[in-house]
Amino acid sequence: MFSPGQWQIITTEGADAGMLHVEHRPTEIYLARIELHPDHQGRGIGSQLIRSLLLQARQQGRDLALDVLVVNQRAQALYRRLGLHEVTRHGDNDIKIRMSTKPPQPGPIHRS
């Protein structure tokens, strides 16, 4: 669902580069969506934004969480490099992976 009031425009060098939607929840900061135009990908913009959210979450004593599509291997690799890990899979046919900075629980990954 598109809620314009919750989106932020990402700009770089005076150009619109993408959109960001972050939800501040009681126990976590949830990165609901991050989109960068292909012309602006691979420059570290997404990494910088996520690092900023990681710092904010750490300072507030919260976790950073997000969902990523199973097929989006590039994004998953980025999130893992930045310290997030898979918590669970969900959605039709487990199409989405929930990733978080929350410490992993012992035992197998729960599949809902």
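The following dialogue discusses how to read a predicted model of one protein.

Colleague: On what basis are residues numbered, and which atoms and confidence limits apply?

Modeller: Residues are numbered from 1 along each chain as its sequence is written, and side-chain values use heavy atoms, with hydrogens and water left out. Because the model is predicted, local features need pLDDT of at least 70 and side-chain atom pairs count only at pLDDT 80 or more, whereas totals for chains, interfaces and linings use all residues.

Colleague: How many helices and strands are there in the protein, and what pattern do they follow along the sequence?

Modeller: Helices (H or I, at least four residues) and strands (E, at least two) are DSSP runs, numbered from the N terminus. The protein has two helices and seven strands, and their pattern along the sequence is β-β-β-α-β-α-β-β-β. With a radius of gyration of 14 Å, close to the 13 Å that the globule rule gives for 112 residues, the protein is as compact as a globular protein of that length. That radius is taken over C-alpha atoms, and the rule is 2.2 Å times the number of residues to the power 0.38. Along the principal axes, the C-alpha atoms fill a box of roughly 50 × 30 × 30 Å.

Colleague: What percentage of the residues is buried, and what share of the contacts joins residues 24 or more positions apart?

Modeller: Buried means under 20% relative accessible area, exposed over 50%, and partly exposed in between (1.4 Å probe, protein chains only). Buried residues make up 36% of the 112 residues in the protein. Contact means heavy atoms within 4.5 Å. Of the contacts with a separation of 6 or more, 43% are between residues 24 or more positions apart.

Colleague: How is the accessible surface of the protein divided?

Modeller: Such areas come from the Shrake-Rupley method with a 1.4 Å probe; for residues, only the protein chains shown count as cover. The total here is about 7300 Å², and 51% of it belongs to carbon and sulfur atoms.

Colleague: How should one check the span of helix α1, and which of its residues are buried?

Modeller: The buried residues of α1 are I45, G46, S47, I50, L53, L54 and A57. They pack against β1, β2, β3 (28-36), β4 (63-69) and α2 (73-81). After α1 comes G61, with a positive phi near 70°.

Colleague: Which residues other than glycine have a positive phi, and where do they lie?

Modeller: Most residues other than glycine have a negative phi. Here, E13 has a phi near 50° and N93 has one near 55°. E13 is in the loop between β1 (7-12) and β2 (15-24), and N93 is in the loop between β5 (85-90) and β6 (96-100). E13 is exposed at 76% relative accessible area, and N93 is likewise exposed at 79%.

Colleague: Is H40 buried or exposed, and which residues does H40 contact beyond its neighbours within four places in sequence?

Modeller: H40, in the loop between β3 and α1, is buried at 11% relative accessibility. Beyond neighbours within four places in sequence, H40 is in contact with T12, A15, D16, A17 and I45. A15, a residue of strand β2, is partly exposed at 29%. Under that sequence limit, A15 is in contact with I10 and H40. The C-alpha atoms of A15 and H40, 25 residues apart along the chain, are separated by 9.7 Å.

Colleague: What are the surroundings of H21?

Modeller: H21 lies in strand β2 and is buried, with a relative accessible area of 8%. Leaving aside neighbours within four places in sequence, H21 is in contact with Q6, W7, Y30, L31, A32 and R33. The C-alpha atoms of H21 and A57, 36 residues apart along the chain, are separated by 15 Å.
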